[in-house]
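Here is a friendly walk through one protein chain. Have the viewer open as you read.

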Amino acid sequence: ITSGSTTINDNHSGNDYWLNGSNITFTVASGGVVNSISGNSDAAVSGNTVTINGGTVNNADTSWIEYPAGSGNWVGKPNLTGGVSTSGAVTGNQVSITDATLGGDYPTVYGGYSRAGNVSKNSVIVESENPNLYVYGGSSETGVAGGDTAADGNIVTVKSGEVYYVAGGSSTSGDVKNNKAVIEGGTVHGTVYGGYSEANDVKGEWGHGLPPMPPFPLARRMAL
């Protein structure tokens, strides 16, 4: 899919939907079933809106591959995301999860994801009972998550329901700036971060609604 609006309201359980463009609206409504929502563009991606409202995503796990092969460097391929790029900037995408069924051992939703580019202004809103769900507003392996002002940050808002882990913005080796995690209601069973980086600076992050919790274990992530 490269443009326009698509609504799934019946069983497409064998279908993987690739959002390889900008300003796409994609909805999985009640009764709708898809396998995954991802992308493989190397260009900038912006302005997409993904809504799961009573629908099902069978494979919401992040797929992890060793890249390059034999390097020991593991990179992700999201299977539930608003926007994804291998190397371009991913900006201003939104995912809303409401009364959704999300399959997988570690279902994970990203507002925006880029392997090597910057991610900013992406968001996820959750109103759904998914107690093992990992939620990222924006995530990059090597790029910057967020930006120099509050308006550039990625944000996760949990309004109700259950999730396991929340990070407004994260980067494996890039800077993380001005991201937010807002817990308005519901339950987070694990960790909440405004922003998280495994290697670089974390600045201007805030999480509202829960006290700090222990760091996200790298060992679990690498084992996915």
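## Around serine 85

Leaving aside neighbours within four places in sequence, which residues is serine 85 in contact with? They are Ser41, Asp42, Ala43, Val45, Val90, Tyr113, Ser114 and Arg115, where contact means heavy atoms within 4.5 Å.

This is a predicted model, in which local features need pLDDT of at least 70 and side-chain atom pairs count only at pLDDT 80 or more, while totals for chains, interfaces and linings use all residues. Residues are numbered from 1 along each chain as its sequence is written, and side-chain values use heavy atoms, with hydrogens and water left out.

Serine 85 belongs to strand E10 (residues 81-85). Strands here are DSSP runs of at least two residues (E), helices are runs of at least four (H or I), and both are numbered from the N terminus. With a relative accessible area of 1%, serine 85 is buried; buried means under 20%, exposed over 50%, and partly exposed in between, using a 1.4 Å probe and protein chains only. A polar atom of the serine 85 side chain lies 2.8 Å from the backbone oxygen of alanine 43.

## The chain as a whole

Of its 224 residues, 50% are buried. Among contacts between residues at least 6 apart in sequence, 67% join residues at least 24 apart.

## A parallel sheet

Two strands pair if DSSP finds at least two bridges between them; E2 and strand E4 (residues 33-38) are joined by five. In one of these, aspartate 16 has serine 36 in E4 as its bridge partner.

## Tyrosine rings

How many aromatic pairs are there? The count is nine, taking rings of Phe, Tyr and Trp (its six-membered ring) with centres within 6.5 Å; planes under 30 degrees apart are stacked, over 60 edge-to-face, and the rest tilted. Tyrosine 106 and tyrosine 134 form an edge-to-face pair, 6.2 Å centre to centre with 75° between the planes. They sit 28 residues apart, tyrosine 106 in the loop between E13 and strand E14 (108-114) and tyrosine 134 in strand E17 (residues 134-140).

Tyrosine 134 is buried at 5% relative accessible area. Its ring also pairs with that of tyrosine 164: the centres are 5.4 Å apart and the planes at 50°, so this pair is tilted. Tyrosine 164 is partly exposed, at 27% relative accessibility. Ring pairs link a cluster that includes Tyr106, Tyr134 and Tyr164.

Notes
Polar contact = N/O pair within 3.5 Å; in protein donor to acceptor, adjacent residues only side chain to side chain.
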